[in-house]
Amino acid sequence: MAHRKGSPGKGSTGRALARRSGAEDSPEATGRLPLGVYEAELARLQAELVALQEWVRSTGARVLVLFEGRDAAGKGSAIKRVTEYLNPRVARIVALPAPTDRQRGEWYFQRYVEHLPAAGEIVLMDRSWYNRAGVERVMGFCTPAEHKRFMAQCPVFERLLIQDGILMFKYWFSISHAEQERRFRSRLEDRLRQWKLSLMDREAIMRWEDYSRAKDDMFMQTDTAESPWFVVEAEDKRRARINMIAHLLSGIDYTEVRTEPVTLPERPRAVNYTRPPRELYRYVPDHAALLLKHGEE
């Protein structure tokens, strides 16, 4: 694996918002990874993810990463950090909605097959075919026979993907019921994230033990030597992101791809062109100027 020191960029707006919202409370009080340590290591790992991306693109490798876990376990935020600096044409996020009537009549794995990575692609699935082992089983969206068939077919299906050369990683984000409820309540009080709450989240609280039994059964039958599950302790989202990304990078034997540096040419002088008057265009109002004006008052 390629390793380089240094930290690119200045970090995301999200991290700045986290600082303003008080997310940088002392690690002694919160038990969280210190913000400075987290941001420095995240930047280093994200630089390695870019190197991985270039290796995938140049070699035609196929990488598939499954993100599973409890509701509010931090899967989505981890995916955001993985893809933050990656080319969306290379690294795709797949988050499928509920199946249509037609899809319900297909072989269960069929609708996932079309989203598998082609040569030179990284695919990150925000939930996957393991919906059948979790929410579908617990909520009764599939029959016991369909669930049993899935459990029998899943290891075979994954074996075929791996034998065909796909590099597959399965991550389970694990949190306590107390932390899950705390995150649900924080969403309830945050109008920017209230859309994340649904009736299914209520069921996640009420059926905690049912989901636990379903997860244990799923691990028992689908945690195989060739396609193992990796558990990410996610009580602290910062630690979870760092640990998951570091593990993913360590699991792929990639190398740095050296490319010819891009040079910028001298801009040629305009010939026979005059820009039309600004008055001919409709410009977006300068809302930012109003902010500055109000700040001076």
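Student: What do the buried residues of H4 pack against?
Tutor: This is a predicted model. In it, the buried residues of H4 pack against H3, S1, strand S2 (91–94), S3, S4 and H12.

Student: How many of H4's residues are buried?
Tutor: Seven of its nine, so the helix counts as mostly covered.

Student: Which ones?
Tutor: Lys 75, Ser 77, Ala 78, Ile 79, Arg 81, Val 82 and Thr 83.

Student: OK, the largest nonpolar core. How many residues, and which have the most contacts inside it?
Tutor: It has 36 residues. Phe 173 and Met 244 have the most contacts inside it.

Student: Which elements each supply at least two residues?
Tutor: Helices H3 (35–59), H4 (75–83) and H12 (237–250) do. Strands S1 (62–69), S3 (121–126) and S4 (167–174) do too.

Student: And where does the largest share come from?
Tutor: From H3, with nine residues.

Student: Back to Met 244. What is it in contact with, beyond four places in sequence?
Tutor: Val 65, Phe 67, Val 82, Tyr 171, Phe 173 and Val 232.

Student: What about a second core? Which residues does it include?
Tutor: That core is separate and has 23 residues. Among them are Val 94, Leu 116, Trp 172 and Phe 219.

Student: New topic: Asp 201. Where is it found?
Tutor: In helix H10, residues 199–206.

Student: Is Asp 201 buried or exposed?
Tutor: Buried, yet Asp 201 has no salt bridge.

Student: Which side chain of opposite charge is nearest, and why no salt bridge?
Tutor: Arg 187, at 4.6 Å.

Student: What does Asp 201 touch, then?
Tutor: Asp 71, Phe 184 and Lys 196, not counting residues up to four places away in sequence.

Note on methods. Residues are numbered from 1 along each chain as its sequence is written. This is a predicted model: local features need pLDDT of at least 70, side-chain atom pairs count only at pLDDT 80 or more; totals for chains, interfaces and linings use all residues. Side-chain values use heavy atoms; hydrogens and water are left out. A nonpolar core is a set of buried Ala, Val, Leu, Ile, Met, Phe, Trp, Tyr and Cys residues joined through side-chain atoms within 4.5 Å. Buried means under 20% relative accessible area, exposed over 50%, partly exposed in between (1.4 Å probe, protein chains only). Helices (H or I, at least four residues) and strands (E, at least two) are DSSP runs, numbered from the N terminus. Contact means heavy atoms within 4.5 Å. Lys and Arg count as positive and Asp and Glu as negative; His and the chain ends are not counted. A salt bridge is a side-chain nitrogen of Lys or Arg within 4 Å of a carboxyl oxygen of Asp or Glu.
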